[in-house]
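Hi,

Here is the structure I promised to pass on.

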Amino acid sequence: MSQIKDKVNYSLIDYSNTKFANNEFDGIYAFETICHSPDIKNTFREFKRILKKKGKLVFFEYTLLNQNKYTKKEQQILELIKDMTAMWSFLEFIPESIVKTLGENGFRNINAIDLTENWKPSLEHYYKIGVIPYFFIKLFKLKRKFPNVTSIVEAHNLAKKGLLKYHAFTATK
């Protein structure tokens, strides 16, 4: 463990304003966290600034379809998930939009890889754990008190309809 401890530094910082030096990192890896950034355009700009030339960006996120594909009720569910989980950029995570935003921020070799089929077994597992408690959560109007259970059951329902997906994104500075 001491070998890793000497090489890794953990910081609690804002993605959009890291205070790291320009061109400091060979790569940036994020797992279901960029959606918590209040401004993904600034976040991608900051990532580009701190990546070395030819540096790699890799991240994994829940993704949506264009907003006009959702019913009013589904849009309300997405808003609820966003608000309960502080996923401020969640509604912007449409693969084509993310690819475009990365390009506008100077990234190249951009890929959006649909991993939805790989993600579904995990989603199904958590759904089975949460569906019975969620019945009572809904019954007693306690959704906001149980954001994780609410999110997983509603995410499962959206994914079953093809309205929620899971992507890996890769790009190079």
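**Notes on the model**

Let me start at serine 16, which sits in the loop between α1 (2–5) and β1 (25–31). Bear in mind throughout that this is a predicted model. If you skip its neighbours within four places in sequence, serine 16 is in contact with Ser37, Asp39, Asn42, Thr43 and Glu46. I also checked serine 16 against glutamate 32: the two are 16 residues apart in sequence, and their C-alpha atoms are 16 Å apart in space.

You'll find asparagine 23 in the loop between α1 and β1, and at 42% relative accessibility it counts as partly exposed.

Now the overall picture. The protein chain has six helices and four strands, and reading along the sequence gives the pattern α-β-α-β-α-α-β-α-α-β. The C-alpha trace spans about 50 × 40 × 25 Å along its principal axes. Of the 173 residues, 38% are buried. Take the contacts with a separation of 6 or more: 80% of them are between residues 24 or more positions apart. The chain exposes about 10,700 Å², with carbon and sulfur atoms supplying 56% of that area.

Side chains of opposite charge can pair when their charged atoms come close. How many salt bridges does that give here? The count comes to eight, and these are the ones I looked at:

- Glutamate 74 with lysine 161: the closest N and O atoms are 3.0 Å apart. Glutamate 74 belongs to helix α3 (residues 72–85) and lysine 161 to the loop between α6 (147–160) and β4 (164–172), so this pair ties together parts that are 87 residues apart in sequence. Glutamate 74 counts as buried because its relative accessibility is 7%, while lysine 161 is exposed, with a relative accessible area of 56%.
- Glutamate 117 with lysine 120: the closest N and O atoms are 3.0 Å apart. Both residues lie in helix α5 (residues 116–139), three residues apart, or about one turn of the helix. Glutamate 117 is exposed, with a relative accessible area of 57%, and lysine 120 is partly exposed at 34%.
- Lysine 82 with aspartate 83: here the closest N and O atoms are 3.6 Å apart. Lysine 82 counts as buried at 15% relative accessibility, whereas aspartate 83 counts as partly exposed at 34%.

Which residues form the positive one? They are Lys53, Lys54, Lys56 and Arg108. Strand β2 (residues 51–64) gives the most to this patch, with three residues. Lysine 56 has its place in that strand and is partly exposed, with a relative accessible area of 45%.

The other patch is nonpolar. It is formed by Ile132, Phe135, Phe136, Leu139, Phe140, Leu142 and Phe146, which together have about 730 Å² of accessible area. One of its members, leucine 142, is in the loop between α5 and α6. At 31% relative accessibility, leucine 142 counts as partly exposed. Patch members need over 30%, so leucine 142 qualifies at its 31%.

That's what I have for now.

Cheers

Methods
Residues are numbered from 1 along each chain as its sequence is written. This is a predicted model: local features need pLDDT of at least 70, side-chain atom pairs count only at pLDDT 80 or more; totals for chains, interfaces and linings use all residues. Side-chain values use heavy atoms; hydrogens and water are left out. Patches are made of residues with over 30% relative accessible area and no salt bridge: like charges are joined within 9 Å, nonpolar side chains (Val, Leu, Ile, Met, Phe, Trp, Tyr) within 5 Å. Accessible areas come from the Shrake-Rupley method with a 1.4 Å probe; for residues, only the protein chains shown count as cover. A salt bridge is a side-chain nitrogen of Lys or Arg within 4 Å of a carboxyl oxygen of Asp or Glu. Lys and Arg count as positive and Asp and Glu as negative; His and the chain ends are not counted. The place of a charge is taken as NZ of Lys, CZ of Arg, CG of Asp or CD of Glu. Helices (H or I, at least four residues) and strands (E, at least two) are DSSP runs, numbered from the N terminus. Buried means under 20% relative accessible area, exposed over 50%, partly exposed in between (1.4 Å probe, protein chains only). Contact means heavy atoms within 4.5 Å.
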